[in-house]
Amino acid sequence: MTHRSRPRASALATVAALALVAAVLPTTTATAASDPDDFVMGGDLGMIREVESLGGTFSRDGVAGDPIDIMGDAGMNLARLRLWVDPYTVTGEPYGGGTNDLTTTIATAQRAQAAGMDILLDFHLSDWWADPGTQTVPKAWRGLTYPQLVSTVRAYTEDVIDAMRAAGVVPDMVQMGNEIPAGILWDHGRVGNGVADFTQLAGLLKAGIAGVDAALHAGEDVEVVLHLDHGGDNALYRWWFDAITAQGVPFDIIGLSYYPFWHGTMGQLAVNLNDISSRYGKDVLIVETAYGWTLGDGDGLGNSFYTAEAAAGGYPATVAGQTAFLRDLRDIVRAVPDSRGRGLIWWEPGWLPVAGANWGTEAGKADNDDPGVLSNPWDNQTLFDWAGEALATLDVFGETPPSSLAVNGGFEQDGYTNTPTGWGVWSPGGAHADAVFTQDPAVVGSLKLTFWKSTPYTASVYQTLSGLPSGLYRVSAWTLNSGGQTSAYLYAKNSGVPERQSDLPVSAGDWKRVSLEVPVTNGTLEFGFYTEAAGGTWLNIDDVRVERIG
């Protein structure tokens with residue numbers, strides 16, 4: 001198997017002497033946005049065929065069409081497809097939830113490929129849903145000894161890749177297991193809850209990967225993803241991947257599930273992505289995410305996303321809120337150092353609330369002792385409304401993300417300094433210039449900007465951009481804040497409209513993204529951070545961005 005690899009991030013620069021001189025800088029001319037790249041903006045399409053078979057229809061801008069073509073035309077460039085071993089009862093009744101057997105998976109892969117998408121094949125290694133709480137051995141494999149199971153897994157994955165090749169859809173990536181912090185194929189490959197020995201889990205993963213490898217022909221390249229949930233939990237990822245790498249399991253990409261209402265804040269996610277990509281020298285990919293576009297319930301049978309989830313997620317349950325979440329998540333992944341952020345995948349964008357398109361059937365629940373509801377719990381986190389019309393959020397998949405116009409917004413250019421390149425530093429008469437300095441660690445990259453002094457201080461840092469086309473701009477940054485200041489805020493002014501400010505939230509341990517939007521009518525924009533602070537209070541600033549959004 002040919003695995004892609006990239007070099008590890010370089011070590012932090014050695015500490016430089018702190019300069020104590022305030023800088024006043026000339027204005028900066030704005031530059032153009034960057035070209036698009038191969039960043040993954042994908043979708044999990046496991047329910048599409050079932051929704052269609054039960055009468056679901058799809059459209060975009062009022063024009064009916066094939067849902068996979070609609071998503072591909074909008075810019076979706078990868079299809080994630082789950083594969084179950086035998087999702088039927090012994091008498092042939094389907095389990096539902098897409099009934100994702102090999103025939104169904106291949107048919108959907110062919111459609112996705114025809115729509116210009118790459119394929120990520122998700123081996124659940126189970127007959128039905130596999131997740132952190134359910135890793136059930138397939139019916140046909142029960143009763144096997146561990147060595148027999150290892151051989152069976154290897155033969156199975158090889159046979160699947162051979163079958164997909166015969167159908168013209170060799171996947172570009174494979175996941176070996178789905179959300180596997182507790183292992184796979186219980187109890188043979190279970191870890192956690194007192195089980196610290198990863199030997200058998202590693203043996204099963206190696207067997208599945210070896211089967212994929214054995215099936216590949218010359219010139220074929222399939223990347224291997226290992227996937228956990230709780231994307232904001234750095235301790236979980238260090239524990240699991242330290243153990244799995246010690247066992248020598250070969251893989252290329254760390255896959256994460258990230259739902260902000262279940263899996264931590266955006267700041268916690270960003271810290272985790274940056275850490276694990278560097279610690280293990282691997283690319284990172286959000287293989288599952290979603291957010292609600294309404295608090296309504298399309299089938300009237302309950303949803304996974306409601307008022308508590310919207311409050312925890314931090315975005316309104318509207319199409320605009322869903323769109324903002326997607327853009328912010330995209331930007332976090334794109335900001336992972338050394339271009340190791342590979343992209344993101346929206347889970348079940350087309351799971352419309354049509355009758356019968358449920359989490360599962362009675363037969364599936366009975367056969368698998370599964371508590372899953374006989375409903376669609378996802379109909380308000382799709383990228384289509386309940387009539388199948390594409391939401392505006394779908395347009396984000398084809399966007400070229402705007403380049404940030406801020407100079408040295410990550411404070412990485414100079415090492416340790418009081419005068420970061422691109423920024424002016426102000427304090428009354430220069431008396432508190434030493435209250436502003438760069439240091440580590442950061443939420444993005446190696447360095448951040450810090451405001452701190454043991455005695456009371458007043459200071460600001462700022463930039464002025466010129467040559468800006470008239471329009472609407474967003475100024476944003478990651479921040480930490482000890483609290484205790486008289487004032488601490490992000491501001492934007494001198495743009496032809498009155499000054500706008502956004503207070504920096506008090507959060508000493510969890511990075512928060514702050515932003516404000518400001519019209520520019522005169523070609524210029526000054527933006528920066530200002531504080532009047534008691535001695536010993538502090539602010540951290542990182543990844544400052546200025547983007548034209550309208």
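I looked up Ser339 and found it in the loop between α9 (319-334) and β13 (341-347); helices (H or I, at least four residues) and strands (E, at least two) are DSSP runs, numbered from the N terminus. Residues are numbered from 1 along each chain as its sequence is written. I note that the model is predicted, that local features need pLDDT of at least 70 and side-chain atom pairs pLDDT 80 or more, that totals for chains, interfaces and linings use all residues, and that side-chain values use heavy atoms, with hydrogens and water left out.

Backbone, positive phi. Ser339 is not a glycine, yet I read a positive phi of about 55° for it. I placed Asn494 in the loop between β19 (487-493) and β20 (500-503). With a relative accessible area of 44%, Asn494 is partly exposed.

Backbone, cis peptides. Trp186 and Asp187 are joined by a cis peptide bond, with omega about 5°. I located Asp187 in the loop between β8 (183-184) and β9 (189-190). Another cis bond joins Asp440 and Pro441, with omega about 0°. Pro441 sits in the loop between β15 (436-439) and β16 (448-452).

Cores. I then looked up the nonpolar cores (sets of buried Ala, Val, Leu, Ile, Met, Phe, Trp, Tyr and Cys residues joined through side-chain atoms within 4.5 Å). The largest has 111 residues, and those with the most contacts inside it are Phe123, Leu205, Trp240, Phe241, Ile244 and Leu394. Helix α5 (residues 199-215) supplies the largest share of this core, 8 residues. Apart from this core lies another, of 33 residues, including Tyr457, Val461, Val514 and Val518.

Phe241. I left aside neighbours within four places in sequence and listed the contacts (heavy atoms within 4.5 Å). Phe241 is in contact with Leu226, Leu228, Phe251, Ile254 and Tyr280.

Ile161. I found this residue in helix α4 (residues 146-166). Ile161 is buried, with a relative accessible area of 0%. With neighbours within four places in sequence again left aside, Ile161 is in contact with Leu121, Phe123, Pro171, Val174, Val212, Ala215 and Leu216. I also took one C-alpha separation: Ile161 and Asp213 are 52 residues apart along the chain, and their C-alpha atoms are separated by 9.2 Å.

Notes:
Buried means under 20% relative accessible area, exposed over 50%, partly exposed in between (1.4 Å probe, protein chains only).
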